[in-house]
Amino acid sequence: MTKFDKNWDGILFFSPTGIHSFCAENNIENSTAFCIGPTTASEVKKYTSNVYVSEKTTVESVIEKAIEILNKI
């Protein structure tokens, strides 16, 4: 996984494995995490408390949730 030298406003996660890979090199505690489902959300809560779960378990729904929340910021 790539290490990024920046903070992200939002990060989309689609699996617990993706969270482990990303967090092995990056800190997400100040970012908002958008997750595809409750299992993924449960895992990402180990790294940040700012978590949103999509309405449906589809890529499109995760993107929609990210747009909805990030437009409010």
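This report describes the sheet, helices, nonpolar cores and salt bridges of one predicted model.

## Basis of the description

The model is predicted: local features need pLDDT of at least 70 and side-chain atom pairs count only at pLDDT 80 or more, while totals for chains, interfaces and linings use all residues. Residues are numbered from 1 along each chain as its sequence is written, and side-chain values use heavy atoms, with hydrogens and water left out.

Helices (H or I, at least four residues) and strands (E, at least two) are DSSP runs, numbered from the N terminus.

## The sheet

Three strands form an open sheet in the order E1-E2-E3, with parallel pairing; two strands pair if DSSP finds at least two bridges between them. The edges are taken by strand E1 (10-13) and strand E3 (51-53), each of which has a single partner strand, so one side of each is left without a neighbour in the sheet. From one strand to the next, the twist averages 20 degrees.

Strand E2 (residues 32-35) pairs with E3 in the parallel sense over three bridges. Ala33 has Val51 in E3 as its bridge partner. Helix H3 (residues 59-70) lies across E1, E2 and E3 and runs at about 150 degrees to E2. Here axes are lines fitted to C-alpha atoms, for helices over the stretch in contact, and angles run from 0 to 180 degrees between N-to-C directions.

## Helix H1 and its buried face

In helix H1 (residues 16-25), the buried residues are Ile19, Phe22 and Cys23. Buried means under 20% relative accessible area, exposed over 50%, and partly exposed in between (1.4 Å probe, protein chains only). Seen down the axis of H1, these buried residues fall within an arc of 95 degrees, so they line one face of the helix; the arc is that of the directions from the helix axis to the C-beta atoms.

Thr17 and Ala24 are exposed on the other side of H1. The cover over the buried residues of H1 includes E1 and helix H2 (38-44), where contact means heavy atoms within 4.5 Å.

## The nonpolar cores

In soluble globular proteins, nonpolar side chains tend to be buried together. A nonpolar core is a set of buried Ala, Val, Leu, Ile, Met, Phe, Trp, Tyr and Cys residues joined through side-chain atoms within 4.5 Å. The largest such core has eleven residues: Ile11, Phe13, Ile19, Phe22, Cys23, Ile28, Ala33, Cys35, Ala41, Val44 and Val51. E1, H1, E2 and H2 each give two or more residues to this core, and its largest share, three residues, comes from H1. Another core, of five residues, lies apart from it, and its members include Ile36, Val62, Ala66 and Ile69.

Leaving aside neighbours within four places in sequence, Phe13 is in contact with residues including Ile19, Phe22, Ile28, Ala33, Cys35 and Val44. Phe34 belongs to strand E2 and is buried, with a relative accessible area of 0%. With neighbours within four places in sequence again set aside, the contacts of Phe34 are Gly10, Ile11, Leu12, Phe13, Tyr52, Val62, Lys65, Ala66, Ile69 and Leu70. The C-alpha atoms of Phe34 and Thr2, 32 residues apart along the chain, are separated by 19 Å.

## Salt bridges

Side chains of opposite charge can pair when their charged atoms come close. The structure holds four salt bridges, a salt bridge being a side-chain nitrogen of Lys or Arg within 4 Å of a carboxyl oxygen of Asp or Glu. One of them joins Lys46 and Glu43, whose closest N and O atoms are 3.1 Å apart. Lys46 counts as exposed, at 60% relative accessibility, whereas Glu43 counts as buried, at 13%.

Lys65 forms a salt bridge with Glu55, with the closest N and O atoms 3.0 Å apart. This pair links distant parts of the chain, as Lys65 is in helix H3 and Glu55 in the loop between E3 and H3, ten residues apart. Lys65 is buried, with a relative accessible area of 12%, while Glu55 counts as exposed at 65% relative accessibility. Lys65 also meets Glu68 in a salt bridge (3.7 Å, N to O); both lie in helix H3, three residues apart, about one turn of the helix. Glu68 is partly exposed, with a relative accessible area of 38%. A network of salt bridges links Glu55, Lys65, Glu68 and Lys72.
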